[in-house]
Amino acid sequence: QVQLVESGGGLVQAGGSLRLSCAASGRTFSNYAMGWFRQAPGKERDFVAAISWSGGSTNYADSVKGRFTISRDNAKNTLYLQMNSLKPEDTAVYFCAARWRYKPGTSYDYWGQGTQVTVSS
C-alpha cells in the first residue's frame, strides 16, 4: 500500500554524478525495506542496492560498490541513490522498490515507474 515516484535521472558524461530520489506515500515509510534496481534495453532487471527499514543496513551489487550510496530519510518518506563516477555501463532505467519489513525473504511488493539514466562516453 505504497506509491513510489522516482526522479533525478538524466544525461551525464562518464565520471559525473547524479542523485536519484524516490518519493513514497500511502503508508508508514519505515515499515518498508527499500531497494534500487536497473534495467538496460533488452536485458533483465538487475539489483543495484538495498537498505533496511531504519537505514542501518545496506547492500550493493559488486558493480556499484564504492561508487553508489543508498540512503533514506524516513521523516521525508524519501529514498535516495547517490551515483558517483558514472560509467557508460550504468546506463539504464532505474526503479525504486519497497518490501514489507515484516515478512521473510527478499521479494519486493511495490515498484515505481522508473527514471532514465544515460551516461555518455
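**The salt-bridge network and its surroundings**

A: Let's start with a trio: Arg 38, Arg 67 and Asp 90 are linked in a network of salt bridges. Keep in mind that this is a predicted model. In one of these pairings, the side chains of Asp 90 and Arg 67 meet with an N to O distance of 2.8 Å. That pair ties together distant parts of the chain, as Asp 90 sits in the loop between β8 and β9, while Arg 67 sits in the loop between β6 and β7, 23 residues apart. Asp 90 counts as buried because its relative accessible area is 0%, and Arg 67 is buried too, at 10%. As a general point, side chains of opposite charge can pair when their charged atoms come close.

The structure holds four salt bridges, so let's visit some others. Asp 62 pairs with Lys 65, their closest N and O atoms being 3.2 Å apart. Here Asp 62 is exposed, with a relative accessible area of 68%. Asp 109 forms a salt bridge with Lys 103, and the closest N and O atoms are 2.7 Å apart. Asp 109 is partly exposed at 36% relative accessibility, and Lys 103 is partly exposed at 24%.

Now for a charged residue without such a partner. Arg 72, in strand β7, is buried yet has no salt bridge. The nearest side chain of opposite charge is that of Asp 73, 8.3 Å away. What Arg 72 does have is polar contacts: a polar atom of its side chain lies 2.8 Å from the backbone oxygen of Tyr 32, and a polar contact of 2.7 Å joins its side chain to that of Asn 74.

Back to the trio's surroundings. Ala 92 is found in strand β9 and is buried, with a relative accessible area of 2%. Leaving out residues up to four places away in sequence, Ala 92 touches Arg 38, Gln 39, Ala 40, Thr 115, Gln 116 and Val 117.

Setting aside neighbours within four places in sequence, Leu 79 has Arg 72 among its contacts, along with others including Met 34, Trp 36 and Cys 96. Leu 79 is also one of the residues that touch the most other members of the largest nonpolar core, which has 28 residues. Among the elements giving two or more residues to this core are β7, β8 and β9. In soluble globular proteins, nonpolar side chains tend to be buried together.

Definitions and conventions:
Residues numbered from 1 in each chain as written. Predicted model: local features only at pLDDT ≥ 70, side-chain atom pairs only at ≥ 80, totals over all residues. Heavy atoms only, no water. Core = buried A, V, L, I, M, F, W, Y, C linked by side-chain atoms within 4.5 Å. Buried < 20%, exposed > 50% of the residue type's maximum accessible area, 1.4 Å probe, protein only. Helix = DSSP H or I, 4+ residues; strand = E, 2+ residues; numbered from the N terminus. Contact = heavy atoms within 4.5 Å. Lys, Arg positive; Asp, Glu negative; His and termini not counted. Polar contact = N/O pair within 3.5 Å; in protein donor to acceptor, adjacent residues only side chain to side chain.
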